[in-house]
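Good morning, and thank you for coming. I would like to take you through one structure and describe its chains in turn.

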Amino acid sequence: MEFLRSLLLQRKAVFGAILLAGFVLMALFAPQIAPGDPTRFVGRQNQPPSAEHWFGTTGQGQDVFAQLVRGSRISLMIGFTVGFLITLLGLAIGMTAGFLGGIADGLLNVLTNVFLIIPALPLLITLASFLPPGITTVTFVLTITSWAWPARVFRSQTLSLREKDFVAASAISGESTFRIIFSEILPNMMSLVVSSFFGNVIYAIAADVGLAFLGFENVTTVSWGTMLYWAQNNSALLQGAWWTFVPPGLCVALVAFATTMLIYAVDEVTNPRLKTEKEISVAMKKFRIPARRATPVIRELAE
Amino acid sequence: MALLDVRDLRVEYLTHRGPVKAVDGVSFTLNPGEVVGLAGESGSGKSTVAHAILRILRPPAVITGGRASFAGRDTLEMSDDELRRFRWQSISIVFQSAMNSLNPVMRVRDQLLDVMQEQGIRKSQALSRARKLFEMVGIDPSRLEAYPHELSGGMRQRVVIAISLALSPDMLIMDEPTTALDVLVQKDILQQIAVLREKLGFAILFITHDLSLLVEFSTRILIMYAGLIVEQAPAYELFKNPLHPYTVGLMNSFPSISGEKRRLSGIPGSPPDLLTPPPGCPFHPRCPKAMAMCSYAVPVPKAVLPKHLVACHLY
Amino acid sequence: MKYVLRHLGLYLLAIWVSLTLNFVLPRTMPGDPVSALIGRMHGRFSPAQIEALRKAYGFTNAPLVEQYLQYLGHAVRGDFGLSISAYPVKVSAIISTALMWTVLLGVITLLLSFVLGTILGVIVAWRRGGILDSVLPSLFNFIGSFPYFFLAMLALFIFGFTLDWFPMSHAYSDLLSPGPTWEFIGSVVVHLIMPAGTVILISVGGWLIGMRSTMIAVLAEDYIIMAEAKGLPQWQVMFNYAMRNAILPNFTQFGMSIGFILGGQILTEIVFSYPGLGFYLVRAVTAHDYPLMQALFLMITVAILAANLIVDMLYVRLDPRVRTT
């Protein structure tokens, strides 16, 4: 609770949360905001934004605004689901490796490093090309190509927490391994898990959009990524139809930006050094202390 | 004439919870060739005083008053440029943790050379001086090529001392130079420092929380508590005749190897929170001899005996 | 040295995994690529030729293990067979030119964004609380939120289509033929500006922010205070003492992101029709041209690992503490 309160005091967090919430609401109420089938033909192709079609029409005569709103559902859903799965898988593997140590750690570590090293997008493309296009495929391939980074992060955090005295104390007092992991180690990692989750969401949304853009997803469904695919395929750039690709791209960027703000806010609240840094700069601005290298001498401060 | 003359020095830390008076009016002098010991608990402000003289305190520290005159020049009035030229030539400093004071990615030799080359000394001359300095502090000159992590704790501290002597300063500030070392190495280093002082004649402001170190080592001792100097006296005089109740308490906290067995007594309570310091004498909540006036009047340092000053209402 | 060798072992393992993956995946699909090829050529092969083709592509009836070893043997020798979609062009011919363009674009973007981001990060951290410090990190944060290829599309639209300042596709003008002439080199440079520019713009922010935070952490260390107490000039403290330490974590970060940036370059190459490995990979995958796909995937992986190895070797030179481990 204390955590939430100090989080909300950060301007960044409020800004990011509101923006993100806006998009989530848009996705949840999409059918109400833009009713009807977003793929239906509504007018002439490549019409610029007008009163009738707020964001104009696509190269196939569909309403861009409707597609944007309805497409947000899939893009955000994939983003959050995959982000969650990546975090979960990374946590499972990373914590197991970090806690058990020894051979298990060695093997899991090698596995993690190999997955880290092999480039993600080429692997994604290769895998996606062999599987039928669809949401399950995307979720599956994104998850198994991206769990390595969080696994590495969680492993090193588990390693350092394992050495701490309070864990040794629990072990001595006879707590089972299971309990130690869940009631001692995990709670101390929560802020890391939260920021990792948000980071993974951003990555998932971007990777999904990238895959769709390349045509490896079901291009008949409407999502921000497929909108970009069609824009590219219909030579929107050569036709000058910027309204067919700018809105979806901008949405992805705004969601990513809002989530990044949230991550920064979480970091600032939980990282003690960042906290003191901030407090110092706030104090210095309050008393108007110049940031010079040598210690300033301000005699007026003494009453 | 005094080498260093500190008058009414005041330093505040501007924390987000409010200003903290870390140093609240400290005055003392240091004469050429003297060793002045500055003793006190953690948080008493002793390191802050030393760092303030060189103006190397980090934000949110601000110096809010006083004078620190070295050979007639007030460091608190110097510009950044003047300070830069002044530092290390006149006063150098040895920090507590040698490992942390050395740049981990630079060879030790380069860290010794750069300060000399900054003064215009040619590289070849600087190198031979570096070798001489190493010999003086008791390290084989071949170790000049090493990186800090390749040296032992004791050696690193010697390296830092060598660096501090590079420009033959008139004064050395030593901020708990032996606290991070084990006891045997401590003694070695202290002996080394004493020998060097004999040879080169520099003055030392020796900061420590360990009073016992100051006994044989220092000429005079200053006792600090909560940002104030509560007692000042020549070393032997202080040990024979501690006047301030805090000093008495400190003396009684140390066991002595020789002499009769006696009960160790600490000082009850803990140092004050400087954000909201107690009114009057800062020590009065813990003082066994506190009187009524101690809780509202701040005691001023008075010369009770020649060269022996105390800030206490008992006198 | 042990540091580099350990990493080298990992890289070799990763290459082996990619090779194996590329062997296994096509064989999990129904049918085989040779049938696909025959289909494309409208059955103009004799049974003997078909058998020879099958052998050439490794889809024989031999036991899987034998096929695998044969495949590995060929791969190590750089023999990837003939492309299916561009039959009968050799795969190695296609990937060698593609490799060149990818490496050119990749190296330029990696180096420029890292160097620029690092220098900016140092400046911003040194002048904390200054104007640059309050503006640049947030600005680059926002820019960095955009997907690479989206910014590429935007740049293409604004600078290529609308303003017609830069060419919109390919690595060099279609009117020229490759050769060591100034005209050719100039054309290459002009064609690089947008693809490289967009990636650099998005990546610089990451390095800037990373360098800034490591600098801030380093500037709080005691050896910086000591350096200042020694009376050294500001620039010496900033570079020799602060930056040389702050750059180390960023350097390892740089190594880890090489894979991400080079792998993600696929998208940039598609937007700009830049004839690199990624561009051909997407086309090969769509055409189910397995030999070409395998080779391209392998090449991308090898390029990334080679870059990583170089970074590892450089790191050993920068940080003396890993030399003794």
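In what order do the elements of chain C run, from the N terminus on? The order is α-α-α-α-α-α-α-α-α-α-α-α. Before I continue, please note that this is a predicted model.

Let us stay with chain C for a moment. Its count is 12 helices, with zero strands. Chain C has 325 residues, and 53% of them count as buried. Consider next the contacts in chain C with a separation of 6 or more: residues 24 or more positions apart account for 72% of these. As for the surface, chain C exposes about 14,600 Å², and 70% of that area is supplied by carbon and sulfur atoms.

I now turn to chain A. Here we find 14 helices and zero strands. Read along the sequence, the pattern of chain A is α-α-α-α-α-α-α-α-α-α-α-α-α-α. The C-alpha trace of chain A spans about 70 × 65 × 35 Å along its principal axes.

How much of chain A is buried? Of its 303 residues, buried ones make up 50%. Among the contacts in chain A with a separation of 6 or more, 70% come from residues 24 or more positions apart.

Finally, we come to charge. Chain A carries 21 positive and 17 negative side chains. The centres of these two sets lie 6 Å apart.

Thank you for your attention.

How values were computed:
Residues numbered from 1 in each chain as written. Chains lettered and ligands numbered in written order. Predicted model: local features only at pLDDT ≥ 70, side-chain atom pairs only at ≥ 80, totals over all residues. Heavy atoms only, no water. Helix = DSSP H or I, 4+ residues; strand = E, 2+ residues; numbered from the N terminus. Buried < 20%, exposed > 50% of the residue type's maximum accessible area, 1.4 Å probe, protein only. Contact = heavy atoms within 4.5 Å. Lys, Arg positive; Asp, Glu negative; His and termini not counted. Charge placed at Lys NZ, Arg CZ, Asp CG, Glu CD. Areas by Shrake-Rupley, 256 points an atom, 1.4 Å probe, with all protein chains shown as cover.
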